[in-house]
Amino acid sequence: MTTLSLTQAINAGLRRALEEDPKVVLLGEDIGTLGGVFRVTDGLMKDFGSHRVIDTPLAESAIIGTAVGLAYRGYRPVCEIQFDGFIYPGFDQIVSQVAKMHVRTQGAVRMPLTIRVPFGGGIGSPEHHSESPEAYFVHTSGLRVISPSNPQDAYTMLRQAIACDDPVLYFEPKRRYHAKGEVEVDAPLVQALPMGASRIVAAGTDVSLVSYGPLVKTALDAAIAATADGVSIEVIDLRSLSPIDYAPLVASVRRTGRLVITHEAGRTLGLGAEIAAVITERCFNYLESAPVRVTGFDIPYPPSKLEKHHLPDLDRILDGVDRALGRPNSHTGMDDWA
Amino acid sequence: MSHLRQEPTGRDEMTMHQLITAEGIRVADALLDEFVDDVDGEQLRNLYRDMVVIRRIDFESTALQRQGQLALWPPLLGQEASQVGSVRALEDEDFIFPTYRENGVAYCRGAKMADALGVWRGNTNIGWDPYELNMATPQIIIGAQTLHATGYAMGLTLDGKDSMALAYLGDGATSQGDVHESMVFAASFQAPVVFFCQNNHWAISEPVGLQSHVPLAGRAPGYGIPGLQVDGNDVLAVLAATRWAARRARSGGGPSFIEAITYRMGPHTTADDPTRYRGVTELEEWGAKDPITRMHSYLLELGMLDDGAQAAIAAEADAVAADLRLACISLPDPAPQAAFEHVYVDAHPLLEEQRVNYLAYLNSFGEQEKTSVTVQGSPS
């Protein structure tokens, strides 16, 4: 076991992939000489050369589009999109080309791209640097979407993503970049939990609390805090946002009868909406209360002095848990519909 | 905004290279001549044959659409020389990234044209195996394929190969950001890629003058890429120009941009009505520059096209068309489960659940109910 920060874990995963497969190439802005604006790719150009760790001109559509061509040629490109809010110029290539190429060619052409996207807020950034665009990609058939919450998953799931023959959007919780954890770097990949699997990260009996990426830590903190009130929260880390592995969620909700989902992204048609719908379909007779969503608001990401209001925090999550338990502390608006 | 609709200014700053005039007369070109030194009479006749056959395929496909056998067809009428001249300049291992209109290119690459028509019949999105033909599937998103060609070419450099990629694009595509980003990347990485632009003067209803105030080939030098303008209705000049660009690509000279000046004699697709926008004299003007007619005159002058050869080529074209028609109308409809196939390489439990449930739903109908559903859904 080695103690690594989340950025170091991603770096180690990239290094391992570059070592193991000569067809792995990295493309992105500032990833070479600088080592990435978050230093995630630090040292990789020096060790693997500028032909494998490629500083590209500033054009996101071209980063994705040339990666499509490289994949056509048999390469396994790993693209870095510098910030979440910069992915939109590459959106057409992702949605119209990367996601559809395999089905368009009836399996003849594979698109084993990994697209790394630092995402989410909480770091005091200007506009376009704190967004949570994952639902756009979850809605796009042909893509896989994953988000690790800790260094071990960051390392293992990145390697799994690069090895996967489907295109994978890999959302990095950038405000957890400096979180440290023990990472087993030499465990065989085949024995690891599949990247598509969700996982119960804290057992509990009263409420099932589902999250992913940056808010898993907050959810775990909320579970600890709730024990003071005698409330037992089971925390589930989705890990894979597309497809979602529902089996652990369904089993959990059938035990607890209550579901809270929390994410930074806005509420309308976010992950929480889909999870609430599916769990309602599959657990209707087990639910003691309506599923509760604790999310960012349906607003453009606000200036950083306001982000503490936008981002779900420990107290808002516990407020949601209380609502699921039928003892709301605050106005929910639900009664207004009567 | 009417000034936008003028002819591009600065056109006279570029020379349109030509080897065979509209009247079928061979003229010298200092740049291009050396690239076709080896082309003998028989090869010229083969280029002519290619053009005749793909025009015949194009006519047959338009007819199949009119008869309800195809949902849509994008005619290439008038662009035969641009397509044949460019593809015949390539080696088999060179990889082509085409648009939806390069069906003549596909024929020359050996595509089974009935399979290619499956795309336009609505059966499939793929008309050939890209790795069998070294030719990607037809791209519908305008300009997107230029990035794919550039990336593929970057891969060729990484692999130490001396082959190249060629992207087809149209005049409308030159307004797309992807095309400009392609030229930036191609220049930065000196990728062995050729941008082959068929300027057919119309992007559906929009004239080329709306896309650019300078010749399209004139944009390339701004990216550090040489741009060449060639008579796109002159198959020999197109062959030579593409060989010029290919030699640059294969010898480490980096990317090139070719603007083939041609004309779309048909509609954008069979769903289009060009009489709503096309000038009244244009068809006549461009009909006089027809790529097949001029080659016909040139071959007669060379004594390479006697009555027997002409009849043989016409018979071959008719046979190809007849086979195409029969194969096209015999294409079976895809099975319902085909919609779910190949969306992912690896297992996807949620999609699999949808597939299984839908097939179970379909199977819940007996044969009789299936028939009645079809009857209800049919036009009365």
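Which residues is Tyr72(A) in contact with, leaving aside its neighbours within four places in sequence? The views below, all taken from a predicted model, start with that residue.

**View 1. Tyr72(A) and its contacts in chains A and B.** Within chain A, Tyr72(A) is in contact with Met101(A), Thr105(A), Val109(A) and Met111(A). From chain B, its partners are Phe95(B), Phe97(B), Pro130(B), Tyr131(B), Ala136(B), Thr137(B) and Tyr152(B). Sequence neighbours within four places are left out of this list.

**View 2. The largest nonpolar core, with 79 residues.** Here we meet Tyr72(A) again, as one of the residues with the most contacts inside this core. Leu27(A), Ile115(A), Leu169(A), Ile275(A), Ile279(A) and Phe195(B) join it in that group. Helix H3 (residues 60-72) of chain A gives the core its largest share, eight residues. Another core, of 69 residues, lies apart from this one, and its members include Ala81(B), Ala114(B), Val230(B) and Ala317(B).

**View 3. An open sheet of seven strands in chain A.** Follow the strands in the order S3-S2-S4-S5-S7-S6-S12 and you will find mixed pairing. At the edges are strand S3 (53-55) and S12, each of which pairs on one side only. On average, neighbouring strands are turned by 20° against each other, direction ignored.

**View 4. Strands S2 and S3 of chain A, with helix H1 lying across them.** Strand S2 (residues 24-28) pairs with S3(A) in the parallel sense, over three bridges. Look for Gly28(A), which stands opposite Asp55(A) in S3(A). Helix H1 (residues 6-20) of chain A runs at about 135° to S2(A). Besides S2 and S3, this helix lies across strand S4 (76-80), strand S5 (114-119) and strand S7 (168-173) of chain A.

**View 5. A cis peptide bond from Ser242(A) to Pro243(A).** Omega for the bond shown is near -5°. Pro243(A) sits in the loop between strand S12 (240-242) and helix H9 (247-256) of chain A.

**View 6. Positive phi at Leu269(A) and at Ile204(B).** Most residues other than glycine have a negative phi. For Leu269(A), phi is near 60°, and the residue belongs to the loop between strand S13 (259-266) and helix H10 (271-283) of chain A. Leu269(A) counts as exposed because its relative accessibility is 73%, over the 50% cut-off. Ile204(B), with phi of about 45°, is placed in the loop between strand S5 (202-203) and strand S6 (206-207) of chain B. Its relative accessible area is 41%, so Ile204(B) is partly exposed.

Note on methods: Residues are numbered from 1 along each chain as its sequence is written. Chains are lettered from A and ligands numbered from 1 in the order in which they are written. This is a predicted model: local features need pLDDT of at least 70, side-chain atom pairs count only at pLDDT 80 or more; totals for chains, interfaces and linings use all residues. Side-chain values use heavy atoms; hydrogens and water are left out. A nonpolar core is a set of buried Ala, Val, Leu, Ile, Met, Phe, Trp, Tyr and Cys residues joined through side-chain atoms within 4.5 Å. Buried means under 20% relative accessible area, exposed over 50%, partly exposed in between (1.4 Å probe, protein chains only). Helices (H or I, at least four residues) and strands (E, at least two) are DSSP runs, numbered from the N terminus. Contact means heavy atoms within 4.5 Å. Two strands pair if DSSP finds at least two bridges between them. Axes are lines fitted to C-alpha atoms, for helices over the stretch in contact, and angles run from 0 to 180 degrees between N-to-C directions.
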